[in-house]
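User: I have a model open and would like to know what stands behind the terms used for it. Could you take me through some of them?
Analyst: Happy to; here it is.

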Amino acid sequence: MAFHMSMTDLIAAARVSKAWPFQEAQRLLKRYPDGAKPDGSPVLFETGYGPSGLPHIGTFQEVLRTTLVRRAFEAMIGAKPEDGKTRLVAFSDDMDGLRKVPDNVPNQQLLPANLHLPLSRVPNPFDSEHGSFAAHNNAMLREFLDRFGFQYEFVSASDRYNSGAFDEALRQVLRKNRQILDIMLPTLREERRQTYSPVLPVSPQTGRVLQVPVEVVDAEAGTIRFTDEDGTVVEQSALGGMSKLQWKVDWAMRWYALGVDYEMYGKDLTDSGVQSGKIVQVLGGRKPEGLIYELFLDENGEKISKSKGNGLTIDEWLTFGSEESLGFYIFPNPKSAKQLHVGVIPRAVDDYWQFRERLAEQ
């Protein structure tokens, strides 16, 4: 007798599934029991990307895992990807200042004079047509995600800041400046407290992102006052790309401005998530749901780092195994640390093919 399962049965099965993407989706369903936001807008998933380096396996796993939760949520509400009930935003933090010259880029002599400029305003050291360091890396991110067929919308921090799309959220940060300081200052060392400000102005003289104390002059007008690098006291707007926010404040502002409902992040950002969660509440928003996942380790059990170069690239994996075998390796137990080096590939590929054979026999 043929086995038949109705859509109602499938939704019911999805809602009680023990697989981790469905457990994550169940938390989202508690947030929105009707499967939709009160205003009817799509449920928003987000992944973040720092364009100071090229996309890597960590980028792949975060977008893959977030996509799995997104698809599980759609299954639970009986939606199809084309229904537009959810969105996935890949967000690039390209307003960050360039902190150091990366070791792995060409034409390095271009970069020292541009330290602390927003990444989107740093010249492009690569032999490509893109107009800035960030524009090149953003293009690489999009090409990378497109290569694996991810469905996403790309959003650039510099575009949002410079266009004024973040201006109202920035005004809210200025209005709540004191409450944000009350959250952040107790978490900082005494020396850091002396210069800390939720808002980082962009110097009108040098274009650099400054780590200096900032006084809010008029929150509604978006006006701030600070001392520039040459000792000049400057009063200027914080809007329209003339400032950016400190990391934890920036993360919270993004959740608030975009209405993010789900974002996972690594264990190393646990404390950041706590502080940003408090700040987004002060702004009048809500912390997203999200999984805190364990990190990838090298063969020595050390955390994989882009700057150390002790990781494994996608291309290195694909030299020996398929995209499917990589996804199969990443999928289970995101709360357990995984080793990621060439030595794990043969076993991972073998496990994947054994799984395929078992499926074929059923």
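**Helix packing, burial and backbone angles**

Analyst: Helices α7 and α10 cross in a right-handed manner, a crossing being right-handed if the near helix is turned clockwise from the far one by less than a right angle, and left-handed if anticlockwise. Before we go on: this is a predicted model, where local features need pLDDT of at least 70, side-chain atom pairs count only at pLDDT 80 or more, and totals for chains, interfaces and linings use all residues. Residues are numbered from 1 along each chain as its sequence is written, and side-chain values use heavy atoms, leaving out hydrogens and water.

User: Which residues make the contact between α7 and α10?
Analyst: From α7 come Gln-179, Ile-180, Ile-183 and Met-184, and from α10 come Gln-275, Lys-278, Ile-279, Val-282 and Leu-283; contact means heavy atoms within 4.5 Å.

User: What makes Ser-92 count as buried?
Analyst: Ser-92, in strand β2 (residues 86–92), has 0% relative accessibility. Buried means under 20% relative accessible area, exposed over 50% and partly exposed in between, with a 1.4 Å probe and protein chains only, so Ser-92 is buried. Leaving aside neighbours within four places in sequence, Ser-92 is in contact with residues including Tyr-49, Asn-138 and Phe-154.

User: How do you know that the length of helix α4 agrees with its number of residues?
Analyst: The expected span is 1.5 Å times one less than the number of residues. For the 15 residues of α4 (residues 133–147) that gives 21 Å, and the end C-alpha atoms are 21 Å apart, so the two agree.

User: What covers the buried residues of α4?
Analyst: The cover includes β1 (43–49), α3 (57–77), β2, β3 (153–156) and α11 (314–320). Among the buried residues of α4 are Phe-133, Asn-138 and Leu-145.

User: Why is His-116 called partly exposed?
Analyst: Its relative accessibility is 38%, so His-116 falls in the partly exposed class. His-116 sits in the loop between β2 and α4, with a positive phi near 75°. Most residues other than glycine have a negative phi.

User: What phi does Asn-107 have, and where does Asn-107 lie?
Analyst: Asn-107 has a positive phi, near 50°, and lies in the loop between β2 and α4. With a relative accessible area of 31%, Asn-107 is therefore partly exposed.

Methods
Helix = DSSP H or I, 4+ residues; strand = E, 2+ residues; numbered from the N terminus.
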